[in-house]
Amino acid sequence: MSKSVQVHAPATVANLVCGFDVLGMALHRPDDVMTLTLKEEPGITIEHTDIYQLPTEPEKNVAGAALLAMLEELDHPPGFHLVTDKRIKPGSGLGSSAASSAGAVVAANELLGKPFSNEDLVRFAMNGEKVASGVKHADNIAPAIYGGITLIRSIFPLDIVQLSGPPLFVTVVHPQIEVRTADARQILRKEVQLKSAIKQWGNIAGLVAGLLKQDYALIGRSLEDVIIEPVRSILIPGFDDVKSQSREAGALGGGISGSGPSIFMLSEKESTANAVEQLMQDVYTKLGIDFKTYVTSISYEGVRVSPVTVHQP
Ligand SMILES: Nc1ncnc2c1ncn2[C@@H]1O[C@H](COP(=O)(O)OP(=O)(O)O)[C@@H](O)[C@H]1O
Ligand SMILES: N[C@@H](CCOP(=O)(O)O)C(=O)O
């Protein structure tokens with residue numbers, strides 16, 4: 001008899017414009033659907049039912065790397081079989097790698113009777129991000145696991161702060177080009193001018209305060225990135241048009257989702273979010289670039305676990 005659990009792992013928007021590597025939020029859609037089964041025999045096997053041809057060796061697949069890190073901390077490590085239907089395109093800037101890593105460890109923890117805390121799960125899942133981008137960062141993993149909006153005050157040691165905020169609608173456009181996070185990190189300057197740093201930390205503090213105070217105008221003013229966006233936005237055709245037209249349409253603001261190429265905009269009203277979706281579609285239709293758009297909102301649940309089912313082999 002083998003036990004299985006199914007999870008829905010959410011897309012996430014990392015950075016939230018000004019908070020490179022320290023802020024992120026979980027979205028209601030898109031999400032990945034993952035089924036994890038406990039095996040008697042040790043070892044991890046991985047299968048994908050999607051079109052992305054991701055590696056199935058556990059060390060090369062981010063979900064496998066996250067599970068391997070968890071197994072290292074168990075006295076009697078079991079085996080797992082993972083089946084993933086990936087609906088968040090890899091290299092989208094929507095936390096595709098984080099959804100796989102976070103979903104895998106949440107599912108495994110559920111199957112094992114929850115021996116690990118959420119903080120432990122973030123620690124394991126960051127090993128998946130290391131495989132994907134060469135660096136452990138938690139700004140997609142933490143919101144995927146905790147839900148909502150999270151601040152990563154520190155990763156060594158981990159210090160995760162869950163933030164509350166007012167209702168917000170999120171419009172996302174995903175131009176169908178791939179930007180690998182590893183490449184988008186490589187092009188960043190390693191040094192920052194003091195005057196830029198001052199602007200940036202004013203914006204991060206302003207954004208966090210705006211969320212907690214439910215002050216939409218302060219949120220809008222703080223959605224500005226003077227360090228990363230000027231470098232990365234060059235990789236994203238249509239970026240300037242989407243951003244300026246969205247502001248004109250009444251969006252609070254927004255920018256690159258994670259390392260791109262997706263762009264996200266926040267709005268107070270659903271009607272504004274829908275108008276922003278329309279203008280995003282117009283920009284990319286004019287450019288002749290395939291795209292997907294989503295109007296969604298913040299998911300406060302994070303990885304959703306369906307009841308454990310028991311199968312007879
Ligand atoms: N299970 C997985 N899900 C997504 N990406 C994976 C997975 N396993 C390995 N990868 C690799 O991780 C990279 C995608 O991660 P990344 O560039 O961070 O994109 P994203 O912004 O969508 O998370 C790709 O090189 C992909 O091959
Ligand atoms: N802080 C990271 C976030 C990467 O997010 P992803 O969704 O593009 O994987 C970065 O900006 O490099």
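Q: How does α1 pass α2, in a left-handed or a right-handed crossing?
A: Start with the general idea. A pair of packed helices is described by the angle between their axes and by the distance between those axes. Now this model, which is predicted. Helix α1 makes a right-handed crossing with α2. Their axes are 8 Å apart, and the packing angle is about 40°.

Q: Which residues of α1 and α2 meet there?
A: From α1 come Val62, Ala63, Ala66, Leu67 and Met70. They meet Ser97, Ser100, Ser101, Ala104, Val105 and Ala108 of α2. Sorted by class, this contact has eight nonpolar residues, three polar ones and no charged ones.

Q: What does the domain assignment give for the chain?
A: Two domains are assigned. Domain 1 takes residues 2-164 + 299-305, and domain 2 takes 169-297. Taken over C-alpha atoms, the domain centres are 24 Å apart. In the contact are 26 residues from domain 1 and 34 residues from domain 2.

Q: Which elements give two or more residues to the side of domain 1 that touches domain 2?
A: They are β1 (2-14), β2 (23-39), α3 and β5 (149-155). Strand β2 gives the most, with four residues. By class, this side of domain 1 has 14 nonpolar, 11 polar and one charged residue.

Q: Where does ligand 1 lie?
A: Look at which domains supply its shell. Domain 1 and domain 2 both give residues to the shell around ligand 1, so ligand 1 lies between them. That shell holds 22 residues. The closest are Ser96, Ser97, Ser100, Ala132 and Thr181.

Q: Which helices each supply at least two residues of the shell around ligand 1?
A: Helices α1 (62-71), α2 (96-111) and α3 (118-133) each do. The largest share, four residues, comes from α2. Across the shell, eight residues are nonpolar, 12 are polar and two are charged.

Q: How many residues surround ligand 2, and which are the closest?
A: Ligand 2 has 16 residues around it. Ala14, Gly93, Thr181, Gly258 and Ser259 are the closest. Helix α5 (residues 181-186) gives the largest share of this shell, three residues. Each of domain 1 and domain 2 contributes at least three residues. The classes are four nonpolar, nine polar and three charged.

Q: Which peptide bond at Pro30 is cis, and where does Pro30 lie?
A: The general rule comes before the exceptions. Most peptide bonds are trans, and most residues other than glycine have a negative phi. Here the bond from Arg29 to Pro30 is cis, with omega near 0°. Pro30 lies in strand β2. Another cis bond joins Gly260 and Pro261, where omega is about 10°. Pro261 sits in the loop between β8 (253-256) and β9 (263-267).

Q: What is the phi of Gln53?
A: Phi of Gln53 is near 50°, a positive value in a residue other than glycine. Gln53 is in the loop between β3 (43-48) and α1.

Q: Which residues does UniProt list for the "GHMP kinase N-terminal" domain?
A: The unreviewed UniProt entry gives residues 62-148. Over that span the chain is 55% helix and 8% strand. The end C-alpha atoms are 22 Å apart.

Q: Which residues does UniProt list for the "GHMP kinase C-terminal" domain?
A: Residues 208-283 are listed, again in an unreviewed entry. This span is 54% helix and 12% strand. Its end C-alpha atoms lie 31 Å apart.

Methods: Residues numbered from 1 in each chain as written. Chains lettered and ligands numbered in written order. Predicted model: local features only at pLDDT ≥ 70, side-chain atom pairs only at ≥ 80, totals over all residues. Near = placed C-beta within 6 Å. Nonpolar A, V, L, I, M, F, W, Y, C, P; charged D, E, K, R; others polar. Domains from an automatic or database assignment. UniProt positions renumbered as here; feature names shortened; annotations may be inferred. Axes fitted to C-alpha atoms, helices over the stretch in contact; angles between N-to-C directions. Left-handed = near helix turned anticlockwise from the far one by under 90°. Contact = placed C-beta atoms within 7 Å.
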